[in-house]
Amino acid sequence: MAEIAWPWQYNFPPFFTIQPHSETRQKQLAAWEELIVQYLKSSKQYIIDVRESQNTPLFSNPAINRKLSQDAVLTILEDMARCGRAAPTDKTKTVWEVYWHSLDEWGNMIYSWVSANGLNNSVCTLFELREGETTEGEEFHGLDVNILTKALKSLEVKGKCELMEFDDNQGVKFF
Amino acid sequence: MDRFEYMEARLCEGENYIKRDKNVKLYDGDDKTQYVDGEVVLTSHRLLWGKPGDIPKGLICLSLYLYYVFCLEEENGGVFGLGGPKRIIMHLGPALPGKRPGPAVISTYHFIKLSFKDGIDPAFYKALSEAVANKLWERHPLETNAFSSPTMSPRSSIAPIGTKIRSGIVGIERSIEEQQKATDESITVAFKDLTKLMEKAKDMVSISKTISTKIREKQGDISEDDTVRFKSYLMSLGIDDPVTRDAFRSDSDYYMGLAQQISDMMVAVLMDSGGIMSLADVWCRVNRARGLELISPEDLLNGCKLLPTMDAPMSLRKFPSGACVLQLNSHRDEEVAKTTSQLIEENGSLTPIKLSQIANVSVLLARERLFTTERLGLACRDESIEGLAFYPNLFLSKV
């Protein structure tokens, strides 16, 4: 279990009720989003399942006997989706990918790593990027495949790389 | 007393002399009568009373049939209960029709008293109760023909003349009709009283007015404090001239008058109760002050709606939740929110119920106050299984 420094809001009961006052609500959602990202980062998770949300210590604080309801979790995730920090994996909106960084940021991060290591105009497999020894210590090491793919696609749009299919493996050529 | 009959002091056939006593005074219920210092003779059927010497001579005397008596009682004599009982109370049944004329035509009492100057002779009392208990008249009815005047015998008069025999639908209808009549009458009587009371109320108001002016004039004698207190009593007693619908030609005039009156009387009340009061409470207060000329909730609402048009220091306010209140104009949201948020900070957190206890307002209003505070961003809510509570808005205040 990841140990993170819980913010003061975590022990403040109103934090677990979505506030109706718009300004307050903004602050509250921002705090939640920050907490969620921090929590997932520390435990290397990328996925939030809304149905399971009640069981994680992230959304429930037994010390003050408060839990964030599923509706509230959904509200927060939808707010995150608006600024590109999360996306539902399907239409039922039960499983969400949460991006510690936006896809653009991820892409840029990878590209700067590629440039730094002189891998331009060469081909890497996705497996190399995720699990390879060379990427150890980089933030994107161990990144979820789907998220990685999306990040690279955003790079592809900018013309900085090209995704390609090998036999049953995916590769990417950086420019 | 109306059960007595004038009769000749003579025994009839089948009637037996039992006992006599002297110095007896008769009471009609609790009232004294002119029949004092007489002689009583008890027979198996009757009780005779006559002036001393009259009974032995067989003159006209007062006669009471014992079948009227259903209960005897000794009255404890003397102011301090000294000297033993002096009076016998005889409780009597209703006078039967067809009885001979007596000393009284009608009496409000259903008992008489025999007062013995020398105290009750226990033997006499015993004989009297025995005679009543024996009911000899049931076995040996008196031959009243022996008496001269009336033709109707008292026995026959015992027959149930008083009961009405009614049968069939007509009988039922008639009894229903009679019942309705009786109800009708009692209602009329009741309302007559009410009108009188209202007239009296006006008098009362004028009296209280004069008293208050007198007090004002004599202010030297009475302390300022007393005057103020008396005035506040008068104020809480009511409005001295309630606006009524009769006095106005149109509804709008009536509502205007009503609004004026509401604003006049509620200013002080609102100040006392923190500047805000739910309309239901206002309605109670207004009607209490009006006494009898009550107004309907609708009239109150219509009156309150007109308050802003006449520059009243208060106005009707409808919260988003639908609750209606009467609010002093000085009682602005910002002020409310400020004081409420201070209270929240002092207490850590507040539920509507807690606030209602602290601020001495109704729970409904406390809720509204908290919502107002929240709307202005000075509080934030916490909804849990324990209910709704409000906390200081640390989201905005804490960086």
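Which residues does A:Leu58 touch, not counting residues up to four places away in sequence? They are A:Trp6, A:Tyr10, A:Trp32, A:Leu35, A:Ile36 and A:Tyr39, where contact means heavy atoms within 4.5 Å. Keep in mind that this is a predicted model, with local features needing pLDDT of at least 70, side-chain atom pairs counted only at pLDDT 80 or more, and totals for chains, interfaces and linings using all residues. Residues are numbered from 1 along each chain as its sequence is written, chains are lettered from A and ligands numbered from 1 in the order in which they are written, and side-chain values use heavy atoms, with hydrogens and water left out.

**A:Leu58 and the cores**

- A:Leu58 sits in the loop between strand E1 (47-49) and strand E2 (60-61) of chain A; helices (H or I, at least four residues) and strands (E, at least two) are DSSP runs, numbered from the N terminus.
- A:Leu58 is buried, at a relative accessible area of 2%; buried means under 20%, exposed over 50% and partly exposed in between (1.4 Å probe, protein chains only).
- A:Trp32 is 26 residues from A:Leu58 along the chain, with 9.6 Å between their C-alpha atoms.
- The largest nonpolar core has 54 residues, and A:Trp32 and A:Ile36 are among those with the most contacts inside it. Such a core is a set of buried Ala, Val, Leu, Ile, Met, Phe, Trp, Tyr and Cys residues joined through side-chain atoms within 4.5 Å.
- Helix H1 (residues 22-42) of chain A gives the most to this core, eight residues.
- A second, separate core has 35 residues, including B:Trp49 and B:Ile112.

**Second largest pocket**

- The second largest pocket holds about 230 Å³ of space.
- It is lined by 12 residues, and those closest to its centre are A:Trp8, A:Gln9, A:Ala30, A:Ala31 and A:Glu34.
- H1(A) supplies the largest share of the lining of this pocket, with six residues.
- A pocket here is an open set of points on a 1 Å grid over the protein atoms alone, where a 1.4 Å probe fits, with protein on both sides within 12 Å along at least five of seven lines; lining residues have an atom within 4 Å of a point.
- Grid points are joined across faces, edges and corners, and the volume is the space filled by probe spheres set on them.

**Helix H10 of chain B**

- The buried residues of H10(B) are B:Val336, B:Ala337, B:Thr340, B:Ser341, B:Leu343 and B:Ile344.
- Seen down the axis of H10(B), its buried residues fall within an arc of 160 degrees, so they line one face; the arc is that of the directions from the helix axis to the C-beta atoms.
- On the other side of H10(B), B:Lys338, B:Glu345 and B:Glu346 are exposed.
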